[in-house]
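Dear colleague,

Please find the structure below, handed over for your records. A summary of the findings follows it.

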Amino acid sequence: MATEINILGIETSCDETAAAVVADGRIVKSSVVASQHDLHDRYGGVVPEIASRAHIERIYPVLAKTMDDAGVGPQNLAAVAVANRPGLTVALMVGVTAAKTLAMVWGKPLIAVNHVHAHLQAALLAQPDPALPAVALIVSGGHSNLYECRSAVDLRLLGRTIDDAAGEAFDKVASILNLPYPGGPSIEKAARQGNPKTVDFPRSMLGPDSLDFSFSGLKTAVLYHCRGQQMKGESRVGSMSPQEIADIAASFQAAVVEVLVAKTLRAADRVGARTVVLGGGVAANTALREALQQACSETGLILLVAPKPLCTDNAVMVASLAYPLFQAGWFADLSLEPASSSE
Ligand code: KG4
Ligand code: ZN
């Protein structure tokens, strides 16, 4: 039997400290995610300084547990991989420093992984050879990107958000509605009790040919709905019934989902795609998963979706994407730096 290629992946780009050992890019031997949601909740979003400090505190225990759970030692590892971009540089710095240190001390190759591309990989774990060409929608707290993919490592950006990312819109609207951070799961939970037809929020399509996204107008529309067009006086949210909040959440979610699905199908049509791939934190949203599945079924497209626990940030996707990079010999050196930008 051929020896397994075990790769240790490290992820600290935002507010999850995560590590995983994945064999041959597909077999998850261990995965540990230490979330910091409790630390950022009162601010309604991630505070970089707090995130960075928490990563420093958690990285060693997370790594120790990951190696322990996998039952491997450094001698069983082929490489150490880390998401070094995009993200908060002060947060990425912790993972990058840990990865560089381990690679140096253990004498292993270091692999730099793009965090957004890794989100796509989470959807390819179960099906690494999708029918091509494929279009990928990666929707997270920082990105709303549409790609044409010819392979897991050959991606062409087709469209992106021109203002807020989809997850950012969920987080900001949750904050407007006094729902807890992170906003996506809170809005989804509230929306389950609501009627999505209550408020006709705008669907920004940015012209008939555009593959870009814009969510800030939608967020502002929710704000106006809660505070009045003149933005005078207090928000009405405090005096709204749970049903009213649920109706607004459902109407907002329906607007986001409709735009995401429409643009993804537009992109699929543009490149003649056979497969659609969905990943990123917002891909955990059941309404989005179901609407995209229905649209793909109606148009004869195959949909590959990341399993829910691998939609939000994790290191399985990092270790998994590192495997084809390892095979291609795309190694980084110890001068590797974190970078906030995507490409
Ligand atoms: O991918 P991710 O964990 O981190 C980034 O790379 O940004 O995505 C986090 C984002 C947050 O904005 C969060 O509100 C959103 O994903 N999210 C969701 C859901 N779960 C997480 N959005 C909608 N519905 C969800 N169930
Ligand atoms: Zn992410």
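In this model, the axes of helix α5 (residues 166-176) and helix α6 (residues 183-191) approach within 7 Å and cross at roughly 65 degrees. Axes are lines fitted to C-alpha atoms, for helices over the stretch in contact, with angles from 0 to 180 degrees between N-to-C directions; helices are DSSP runs (H or I, at least four residues) and strands likewise (E, at least two), numbered from the N terminus. Phe170, Asp171, Val173 and Ala174 of α5 meet Gly183, Gly184 and Ile187 of α6, contact meaning heavy atoms within 4.5 Å.

The model is predicted: local features need pLDDT of at least 70 and side-chain atom pairs pLDDT 80 or more, while totals for chains, interfaces and linings use all residues. Residues are numbered from 1 along each chain as its sequence is written, chains are lettered from A and ligands numbered from 1 in the order written, and side-chain values use heavy atoms, without hydrogens and water.

Eleven salt bridges were counted, each a side-chain nitrogen of Lys or Arg within 4 Å of a carboxyl oxygen of Asp or Glu. One of them pairs Lys219 with Asp164 (3.0 Å, N to O). Lys219 lies in helix α7 (residues 216-227) and Asp164 in the loop between β8 (154-159) and α5, 55 residues apart. Lys219 counts as buried because its relative accessibility is 18%, as does Asp164 at 7%; buried means under 20% relative accessible area, exposed over 50%, partly exposed in between (1.4 Å probe, protein chains only). Shared partners join Asp164, Glu168, Lys172 and Lys219 into one network.

Yours sincerely
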